[in-house]
Amino acid sequence: MQRGVVQKVLSVEQAEGRGARVRRSIGRKELRRLDPFLLLDEFRVRQPAGFPDHPHRGFETVTYMLKGSFHHQDFCGHSGVIRKGDLQWMTAGRGVVHSEMPASDGDNIGLQLWINLPASQKMIEPVYQELLASQVPSATSGGTTVKVIAGESMGVESPVRTRTPVYYLDFQQEPGAKFTQEVPRDWNAFIYVLTGTISVVVDEEESESGPHHTLVLSQGDSVKVCNTGPDTAHFVLIAGQPIGEPVVQDGPFVMNTREEIRQTLQDYSDAKNGFENARNWKSA
């Protein structure tokens, strides 16, 4: 059964961090969450703006660079730069304080996705997976090219291992091209359009959309997408297995109960239970 579009959300630009601008889709009032996804931002940042020192607990962040580069530092001593086509998959677990700042002049553009963790894994030690653009597998078929950030497509599979089962597929599609992607039937899924015009096709009926739109998909085991515009279309298809647990969020902290949030705020204030390095650390 093919998936259709059940909700379309336009990402509206807003301020975030220090002088940064983002287009938020998941995380807005129109689409608060899509289990297991908590937030999706398309960011466009110029120096000296950025995302200075801030904490996380209870979920994962995936940062995928589309243009420019970003420098990441955290209070555990991890530091690195991700450039166009690179990605960082950070499991915050029990606690991370980090900074994310532009590392090149001009526009630095990318996507950041927040993925929830189940209760059993919210307090694990922080872990990073980083892939260079050259390490992201890709394939092409009939005018459609895919980069497989997580999951599988066109017979290729990503080396990224996710705690919450997820597909994260970056597509570029030539005008007139069509492609059908299989998606596990019981997963939630959406498309985010970066450039161009695409249509999601169900029984020859098309739902067309342009840039900066999130298309929430109905249930089914596949989705058919075609480029109905005059230019190359660029979009991501993201799907994940629902966790099905209560979500209580306070800014950068995501737990299952209000009491766990209160404990997290206390832990951060007291620099304990995962935040031991928070009190004396400052990024460069």
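The model is predicted, so local features need pLDDT of at least 70 and side-chain atom pairs count only at pLDDT 80 or more, while totals for chains, interfaces and linings use all residues. Residues are numbered from 1 along each chain as its sequence is written, and side-chain values use heavy atoms, with hydrogens and water left out. Helices (H or I, at least four residues) and strands (E, at least two) are DSSP runs, numbered from the N terminus.

**Strand 17 and its partners**

- Strand 17 covers residues 166-173 and is mostly covered, with seven of its eight residues buried. Buried here means under 20% relative accessible area, exposed means over 50%, and partly exposed sits in between (1.4 Å probe, protein chains only).
- Strand 14 pairs with strand 17 in the antiparallel sense, over six bridges; two strands pair if DSSP finds at least two bridges between them. Within this pairing, Lys147 stands opposite Asp170 in strand 17.
- Strand 17 is also joined to strand 24 (residues 233-240), by eight bridges and again antiparallel. Here Val166 stands opposite Gly240 in strand 24.

- Four strands make up an open sheet in the order 5-10-7-8, with antiparallel pairing. Strand 5 and strand 8 (79-83) are the edge strands, each pairing on one side only.
- From one strand to the next, the twist averages 25°. For angles like this, axes are lines fitted to C-alpha atoms (for helices over the stretch in contact), and angles run from 0 to 180 degrees between N-to-C directions.
- Strand 7 (residues 69-74) and strand 8 run antiparallel and are joined by five bridges. Phe70 has Ile82 as its bridge partner in strand 8.

**Two threonines**

- Thr144 belongs to strand 14 (residues 144-150). With a relative accessible area of 0%, Thr144 is buried.
- The side chain of Thr144 makes a polar contact with the side chain of Gln173, at 3.1 Å. A polar contact is a pair of N or O atoms within 3.5 Å; within protein, one must be able to donate a hydrogen and the other to accept it, and residues adjacent in sequence count only if both atoms are side-chain atoms.
- Beyond its neighbours within four places in sequence, Thr144 has contacts (heavy atoms within 4.5 Å) that include Ala139, Met154, Phe171 and Gln173.
- Thr197 sits in the loop between strand 19 (188-195) and strand 20 (198-202). Its relative accessible area is 22%, so Thr197 counts as partly exposed.
- Setting aside neighbours within four places in sequence, the contacts of Thr197 include Glu208, Cys226, Thr228 and Ala233. Thr197 and Gly50 are 147 residues apart along the chain, and their C-alpha atoms are separated by 30 Å.

- Most residues other than glycine have a negative phi, and most peptide bonds are trans.
- Asp35 and Pro36 are joined by a cis peptide bond, with omega about 10°. Pro36 is in the loop between strand 3 (20-24) and strand 4 (37-45).
- Pro48 falls in the loop between strand 4 and strand 5 (51-56).
- Met154 is not a glycine, yet has a positive phi of about 50°. Met154 lies in the loop between strand 15 (152-153) and strand 16 (156-157), and at 25% relative accessibility is partly exposed.
- His212, not a glycine either, has a positive phi of about 70°. His212 is in the loop between strand 21 (205-209) and strand 22 (213-217).
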